[in-house]
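These are my notebook entries on a structure I looked up, kept in the order in which I worked.

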Amino acid sequence: MSKQAKKKANWGVSYGEMVSHEFVKSKLNVVCLVFIVFLFAVAVLAPFLANDKPFVIRIDGQLHFPVFKSLRASDYCIFLAAIVGIVQLLLIRRNRRRVDPSIRGAVLWRQICISSSIIFVGVILIFVFVPRRLDATDYKAMVASGRASGAVFAPIPYGYARTDLKSREQPPSREHWLGTDDVGSDVLCRLIYGSRISLSVGFVAVGISSVIGIAVGAILGYFGGKVDFIGMRIVEMMMAIPVFFLIITIVAFFPRSLLNIMIIIGITSWTGDARFIRAEFFKLRKQDFVQAAVSLGLPLRSILFRHMLPNGIAPVLVNATFGIAGAIFIEAALSFLGFGVAPPTPSWGQMLSLGVSTTGRFLWWLTLFPGLAIFFTVMAYNLVGEALRDALDPKLRIQ
Amino acid sequence: MNDNQTLLSVENVSTHFFTEDGVARAVQDVSFSIKKAKTFALVGESGCGKSVTALSIMRLIPTPPGQIVGGNIVFEGRNLLTLSEKQIRQVRGNRIAMIFQEPMTSLNPVYTVGNQIVEAIRLHQKKSIRDAWKDAAETLRKVGIADPEQRVSEYPHQMSGGMRQRVMIAMAVSCEPRLLIADEPTTALDVTIQAQILDLLDELQKQNGMSILLITHDLGVVAERADDVAVMYASRIVEVADSQKLFAEPLHPYTQGLLKSLPRLGLSAKRLQTISGTVPDPLHFPGGCKFHPRCCVGCSDKRCQTVEPRLMEVRSGRHVACWYAKGYEEK
Ligand SMILES: Nc1ncnc2c1ncn2[C@@H]1O[C@H](COP(=O)(O)OP(=O)(O)OP(=O)(O)O)[C@@H](O)[C@H]1O
Ligand SMILES: [Mg+2]
C-alpha cells in the first residue's frame, strides 16, 4: 500500500470514495468521462476556439483585442461559473487530504456557500457592467486590404452567425474543415457553439426534473398511505402521457426559447425520479438507522434529506445521467423538427435538419458531423450512467 | 403511584394497529412505573408487545396503521401523549433516549460515527462544532472504545457489531438522558460481548444516574441486572414486582413457567421445561384470560375462559393478573 493510501485508510473510506474507485476500474468509463470533460471545455471555451474576430490586431499602428471586446455577458457568466466550479472541485480534493474529517462537512458547506454567492453576485455584476456591443467590423477584409496587420485569429476564424452567400453548401475543405451550411456558416464553428446548447439543456432540464422528482418521491415514500395513493395516481397519469408529443404541443404554443425548452423537458420528465425515490424511501423508512434518527429527536427535514436521501440517491444519480442523454436527444429532435431554438443560435438537431437542402441536394457533411456529435455525446452519458449503476451496486454498500 | 422517586409512569396505555386484516391490539391496558436511577426490565415472548410499549413511550408508533388509543405516559410531570410534535422532539434523544436491537443497521452508513454523535449533541445542546467533536470522542472513550480520536472519523462499516452497539450507546447517552430505553440491546451480539455491553450500561447508570428500561427475553439477564420486572404476555402485563421477590416467588402461572424454562447450574441433568402451546396472534386473542389455553392451573375454569383478570396488587409491591393468585380478587 502506498503511503497516501495508508493515511486515507486511517481517516476512513467513505462510500463515495469506494464508488469512485469502482468506477475508474474500467478504461471505457474513464474514456467516456474524459470525453464529457472535453465537451465541457469546448463549450466553455467556444469563443476562443471559433471566432471571426482576431485575438490581437494592429490597426493604424494601434493594438486592438477584438475577441475580448466582443465577449458578451453570457460568455463571462459561463467563464465565471467554470472557474468557480473548478476551484470548488480542487478544494474538495484538498479537503479530503488536508482537512480533519471532524470539520470537513462544515468546511465544505462554507465553501459551497461562498462559491454560490460569488457566482450569484458575479452574474449580477456582469450583467450590469458588461455593455452590449455589436462589433460588425470585418477584420479579415481589413487584413486583406492591408489596413491592419499582425492579426492572430482563433483556430476556426468564423463566427457562428456569419452568413456568406458566396460559400454556401460547400463540402469539407481546407478553409472549412467540416464544410458550410445553407447560409455559408462554418459547420465546425456551429458545432462548437451548439455544444453549449446541448449541455445546458441536458443539465438544466435534468436539474429541474430531479428536484421535482426527489421532493415528490420523498414525500410519497415517507408518508405512504393516502398521500402516497393519491400522489402515485397523479404520477401514473403523467406517465401515461407521451412526453415527446406533449412537449411538441406545448412548444407550439410558447415562444421558441432555450429556457422554455429546458423548463418544459424538466417538468415533464420527473416521474421516473419520483418513483425511484419513493421506492427507496419506502425501504429506508423502516430501516433501523432512520428509526434511530427519529428517536434522537431530529426534525423531519433532517431525517428526509440528511439521513434518507443520501442512502436512496443512487438510482436518481444513474437516472440523471441517462436523463441528460435523453434531454440532449429531445432537444435535438425538437430542433430537427423546427420546434427548437431559433436560428442563428446553433443547435445540433437544427443543423441535422439542414442535411437535405431546399434544392433537394443531400449535404452529407451536415448530416454526418452533427449526427456524430449527438451520437457520441448521448452514448458517453449513457455509458457513464451504466458504469455508475454498476459502481453504485448495493452489494458494495458495506456490511 | 406518583412520588419523588418515580421518573416515568405508564398508566393504562393501549396501542392498537388498524390493519386490513383487523385490529391488532399490540398493547392493552399496560401500567408500570420506573424509578429514578433504577433498571426496569420488561420481559416476554416474541410478539407480546414489548417493542410497541417502548415505541409508545417515545411516541414513535407509525401512524397509520398504529395508534395509542388510551392512557397516560407521565414523564417528569408531563403527559408525553399530549405534547405537540415539537415538544416531543425535545424530549426524544434529550430526556429519553433509545437503543435498538440491531447495531449493524442502526447507524447511517454514509456518515462517520463522529458526525452522527455530533449531530445528536448539537441538536440538544448549544455547542461549537469543535467542542461537540471533543465531546464525541470523550463519549466514545466512556463507552469503552479504544483510541476514540481515531475512531470518531471512521465509518460504521469499519466497525464490528459490538463496537457499533457501543457507538449507539454513546449517541444515546451523549445528551445525558434521564431514561434510556434499551430494546434487546444484546440479542444480536455474541455472548461475551453481551455481558460487556450490559456491564457498560450498569457503569453508565452509576455515573449519571439515569433509569434504564431494559427490554429482553433473557431472564438470566433480568435476574442479574434489573431492580424491577414486568412480565408481559399477549399484549398485557401479567405480573410486576421487585426482581428478587419475583424470582423467589413467581405468582402468575406464566411467570412460573418462564422460570422453570430457565437453565440453572446443577440442575442440568433434568430436561428443561417448556410452556406448551404458542403465543396467540394479536388478531385472534382467546377470550377471557389470554393465557388460559396454555395454563396448567385454570385451563378448565369457566371464569378464566370468559373474564380477563386485571392487574391487581395482591400484597405490598406485588401486582399480578391471575384469578388463582393468592389474595387476588376483583375489586
Ligand atoms: N407496524 C405494525 N403494523 C401492524 N402490527 C404491528 C406493527 N408493529 C407491531 N405490530 C403488532 O404488534 C405485536 C407486538 O409487536 P412487538 O414488536 O412489540 O413485539 P416484541 O414483544 O417486541 O417482540 P420481539 O421480542 O420479537 O421483539 C406484533 O405481534 C404485531 O402483530
Ligand atoms: Mg421487539
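This is a predicted model: local features need pLDDT of at least 70, side-chain atom pairs count only at pLDDT 80 or more; totals for chains, interfaces and linings use all residues.

**Entry 1: the shell of ligand 1.** With that definition I looked up which element supplies the largest share of the shell around ligand 1, and found α1(B), with three residues. The elements that give two or more residues to this shell are β1 (6-19) and α1 (50-58) of chain B. I counted 15 residues around ligand 1, of which B:Ser46, B:Gly47, B:Lys50, B:Ser51 and B:Glu184 come nearest. By class, I recorded six nonpolar, six polar and three charged residues in the shell.

**Entry 2: polar contacts of ligand 1.** I then asked which atoms face the oxygen atoms of the ligand. For B:Ser46, an N or O atom of the side chain is 2.5 Å from an oxygen atom of ligand 1. For B:Ser51, I found a polar side-chain atom 2.6 Å from an oxygen atom of the ligand. B:Gly47 takes part through its backbone, where a polar atom is 2.8 Å from an oxygen atom of ligand 1. I next looked up the cover: ligand 1 taken alone exposes 630 Å², and the protein buries 69% of that.

**Entry 3: the second largest pocket.** How much space lies in the second largest pocket? I noted about 1300 Å³. Its lining has 39 residues, and those closest to the centre of the pocket are A:Gln291, B:Leu60, B:Ile61, B:Pro62 and B:Thr63. Elements of chain A that each supply at least two lining residues include α9 (187-223), α10 (225-240) and α13 (271-285). On the side of chain B, α1, β4 (66-75) and α2 (85-91) each do likewise. I found that α14(A) gives the most to this lining, with four residues. The lining divides into 22 nonpolar, seven polar and ten charged residues.

Entry 4: Rolling a probe the size of a water molecule over the atoms shows where empty space is left. I counted six cavities of 30 Å³ or more. The largest cavity has a volume of about 90 Å³. Among the residues that line it I listed B:Tyr233, B:His252, B:Cys289, B:Phe291 and B:Glu308. Strand β10 (residues 236-242) of chain B gives the most to this lining, with three residues. I recorded eight nonpolar, one polar and three charged residues in the lining of the largest cavity.

**Entry 5: a sheet in chain B.** I traced an open sheet of four strands in chain B, in the order β2-β1-β4-β5 and with antiparallel pairing. Since β2 (22-35) and β5 (78-79) stand at the edges with a single partner strand each, one side of each is left without a neighbour in the sheet. I checked β5(B) against β4(B), and they pair in the antiparallel sense over two bridges. In β5(B), B:Arg78 is the bridge partner of B:Phe75.

How values were computed: Residues are numbered from 1 along each chain as its sequence is written. Chains are lettered from A and ligands numbered from 1 in the order in which they are written. Side-chain values use heavy atoms; hydrogens and water are left out. A residue is near a molecule or strand if one of its heavy atoms lies within 4 Å of it. A polar contact is a pair of N or O atoms within 3.5 Å; within protein, one must be able to donate a hydrogen and the other to accept it, and residues adjacent in sequence count only if both atoms are side-chain atoms. Accessible areas come from the Shrake-Rupley method with a 1.4 Å probe; for residues, only the protein chains shown count as cover. Ala, Val, Leu, Ile, Met, Phe, Trp, Tyr, Cys and Pro count as nonpolar, Asp, Glu, Lys and Arg as charged, and the others, Gly among them, as polar. On a 1 Å grid over the protein atoms alone, a cavity is a set of points where a 1.4 Å probe fits but cannot get out, and a pocket is an open set with protein on both sides within 12 Å along at least five of seven lines; lining residues have an atom within 4 Å of a point. Grid points are joined across faces, edges and corners, and a volume is the space filled by probe spheres set on the points. Two strands pair if DSSP finds at least two bridges between them.
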